[in-house]
Amino acid sequence: MRTKLPFVGPSYEARSLNANAQRTLNCYVELDNTSQRAPIALYGTPGTMRRLTFPTSPVRAGFKEGAYTWWVAGNVVYRVDADYQVLALGEIATYTGEVGLASNGGQVLLIDGANGWLIDVNASTLAAITDPEFPHGVTRAAYQDSFFLVTGDGTGKFYINETPNDGSKWNGLDFASAEGSPDNTIAIISDHREVWLFGELTTEVWSNTGNADFPFMRSGNVFLEHGCAAAGTVAKADNTVFWLGADDKGAGIVWRADGYTPQRISTHAIERAIGAYARIDDAFAFTYQQEGHIFYVLTFPAAGATWCYDAATQLWHERAWRDPDNGQLTRWRPSCHVYANGEHLVGDFETGDVYALDLDACTDAGAPILRQRRTAAGEALQQRMFFSSLQVDMETGVGLDDGQGAAPLLMLRYSSDGGHTWSPERVATVGAAGQYGARAKFNRLGSGRNRVWEISMTDPVKFAVFGAVVDGEAGSA
Amino acid sequence: MATTTELAERLLRKLGVLGGGEAPSADDGAVAEEKIVAVHEAVTALGRANWPVDEVPPYAIEPYTLMGTVLAGPDFGRPVDTGAWVMGLRMLAAGSAAAVSKCPIHAEYF
């Protein structure tokens with residue numbers, strides 16, 4: 001009997017693989033209820049195209065202001081124009097670690113946990129902040145209403161510059177503390193002209209009251225009983241704020257704000273994965289929007305893992321870079337994101353490379369991308385099912401003219417025990433260029449009770465999967 | 001020549017229990033080997049086999065596998081096709097006749 005398999009879905013590896021062993025790697029789900037054939041489809045995540053390489057590394061931060069993008073790579077600050085011509089502006093004191101950036105339009109404030117610098121956007125110059133009252137040690141920066149706001153020096157305070165729109169003047173008395181709870185403030189972000197102050201256990205939202213002495217104060221009784229597990233994970237997108245949470249009950253839930261109410265967006269499977277990491281305080285995130293999908297990209301450097309939440313579908317998938325030398329999967333390479341020149345530019349966490357994310361690119365700067373989809377375990381009242389064939393419904397005829405990808409192959413393996421052990425790998429062609437009628441079909445697929453299917457592809461071709469049909473019948477044993 | 005283990009794997013593949021390239025689990029393999037031995041005993045009793053169970057000649061491999069599906073089918077929840085047993089016996093008969101005719105015949109002198 002031929003049946004359609006529920007083949008497309010998110011990553012969800014449950015505590016018991018028998019319950020759910022789903023994995024979606026380097027591809028994301030798109031929903032389209034106007035399509036009868038593919039109401040839920042799986043598309044490959046963007047490949048990367050190298051746009052430039054800084055002589056110093058790693059790429060620590062990037063920012064768009066005026067006609068240029070501004071980057072920190074290693075200990076050097078660069079200006080990059082629309083033609084990707086690079087101008088080195090000067091050096092900062094640190095070579096690695098996250099860098100906080102914020103702009104007031106004319107100045108870009110740059111902080112690295114030790115000192116502060118200002119980029120004059122019009123003059124394209126870099127100067128250290130020499131005001132002795134600048135709060136050295138801050139790591140996070142935001143801008144709102146002509147003020148730079150900085151925090152993260154371990155004191156629990158946040159500071160603002162003394163003179164509006166001038167990041168060079170600071171007054172040691174221009175600070176405040178989120179005192180609704182004694183936890184340390186570690187991150188700050190401005191969203192919809194409100195300042196979100198993330199503590200280790202709680203969060204407060206402040207707004208600008210116009211008070212001449214210190215313009216910011218807490219917005220009414222807005223106080224969230226969830227804090228932040230990693231300062232770098234606070235990011236805004238989709239008209240709200242996202243972060244990796246922590247509070248006095250535990251840590252490792254990913255939240256998005258629904259108004260002032262935290263809404264849990266991580267699943268038990270994601271939380272289980274995060275809970276298994278030795279470190280999560282080093283996590284960082286950035287957001288970007290491509291073809292209507294708003295992605296919150298959350299990377300755990302020590303664990304070598306990257307998770308991605310799509311606000312359009314509310315589903316998670318994994319992203320990973322495959323080392324071409326040894327085939328090992330590790331964290332996705334981007335460390336920061338800037339949208340400029342109509343491109344999504346990302347910096348490499350290890351090298352001085354800046355890439356453009358391109359949905360039509362099918363390699364990571366020339367290295368093959370492993371795309372993988374593993375289904376949940378099928379179930380037929382625990383009867384043994386006999387499978388004579390599986391046809392993956394996908395776009396075929398996508399081969400390249402020559403080289404790798406000229407005869408693209410889809411790999412299949414399956415598990416009959418819910419994902420614990422796997423069959424040998426099988427391959428099927430997905431059609432050379434123009435062979436649109438090619439079928440990715442596998443025959444003689446044995447039997448099992450809790451069948452999990454896994455397809456993967458490394459050829460540098462378009463990846464679009466709509467589902468699968470299986471020929472099978474239930475046995476009586 | 002085919003061994004019992006090889007025939008058992010072939011039997012499991014014929015039943016659809018195993019897919020291409022798969023190896024049987026120990027339990028499934030043991031059941032299938034039991035059935036191959038049973039087929040061999042039956043064929044021997046009918047005078048159709050004069051070889052050890054672990055040295056099944058090439059022409060008997062497919063008949064053994066077919067007949068094995070009749071015995072092993074119920075253990076794996078597969079429907080039984082009794083016609084497969086008859087078909088296997090016929091193939092064996094035809095095979096043994098062909099095998100005899102193709103052998104050199106030595107003259108015997110008394």
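Which residues of α2(B) are buried? The tour comes to them at its second stop.

**Before selecting anything**

This is a predicted model, in which local features need pLDDT of at least 70, side-chain atom pairs count only at pLDDT 80 or more, and totals for chains, interfaces and linings use all residues. Residues are numbered from 1 along each chain as its sequence is written, chains are lettered from A and ligands numbered from 1 in the order in which they are written, and side-chain values use heavy atoms, with hydrogens and water left out.

**Stop 1: chain B as a whole**

Select chain B. The chain has four helices and zero strands, in the order α-α-α-α from the N terminus. Helices (H or I, at least four residues) and strands (E, at least two) are DSSP runs, numbered from the N terminus. The C-alpha trace of chain B spans about 55 × 25 × 25 Å along its principal axes.

Of the 110 residues in chain B, 41% are buried. Buried means under 20% relative accessible area, exposed means over 50%, and partly exposed is in between (1.4 Å probe, protein chains only). The accessible surface of the chain comes to about 6,000 Å², and 59% of that belongs to carbon and sulfur atoms. These areas come from the Shrake-Rupley method with a 1.4 Å probe; for residues, only the protein chains shown count as cover.

**Stop 2: helix α2 of chain B**

Select residues 26–45 of chain B, which form helix α2. At 1.5 Å a residue, its 20 residues should span 28 Å, and the end C-alpha atoms are 29 Å apart, which agrees. The expected span is 1.5 Å times one less than the number of residues.

Now colour the buried residues of α2(B): B:Asp28, B:Gly29, B:Ala32, B:Lys35, B:Ile36, B:Val39, B:His40 and B:Val43. They cover an arc of only 145° around the axis, which puts them on the same side of α2(B). The arc is that of the directions from the helix axis to the C-beta atoms. On the other side of α2(B), the exposed residues are B:Ala26, B:Asp27, B:Glu34 and B:Ala45. After the helix comes B:Gly47, with a positive phi near 75°.

**Stop 3: helix α3 of chain B**

Move to residues 58–72 of chain B, helix α3. Its 15 residues should span 21 Å at 1.5 Å a residue, and its end C-alpha atoms are 21 Å apart, which agrees. Since 11 of the 15 residues are buried, α3(B) is largely enclosed by the rest of the structure. Among the buried residues are B:Ile61, B:Tyr64, B:Leu66 and B:Met67.

**Stop 4: A:Val392**

Switch to chain A and select A:Val392, in strand β40 (residues 385–394). A:Val392 counts as buried, at 2% relative accessibility. Leaving aside residues up to four places away in sequence, A:Val392 touches A:Leu410, A:Ala440, A:Phe442, A:Ile455, A:Val465, A:Gly467 and A:Ala468. Contact means heavy atoms within 4.5 Å.

**Stop 5: backbone exceptions in chain A**

Most residues other than glycine have a negative phi, and most peptide bonds are trans.

- A:Asn26 has a positive phi near 55°; it sits in the loop between β3 (21–25) and β4 (27–31) and is buried, with a relative accessible area of 1%.
- The peptide bond from A:Ser57 to A:Pro58 is cis, with omega near -5°; A:Pro58 is in the loop between β6 (47–53) and β7 (59–65).
- A:Asp238 has a positive phi of about 55°; it is in the loop between β24 (235–237) and β25 (240–247) and is partly exposed, with a relative accessible area of 31%.
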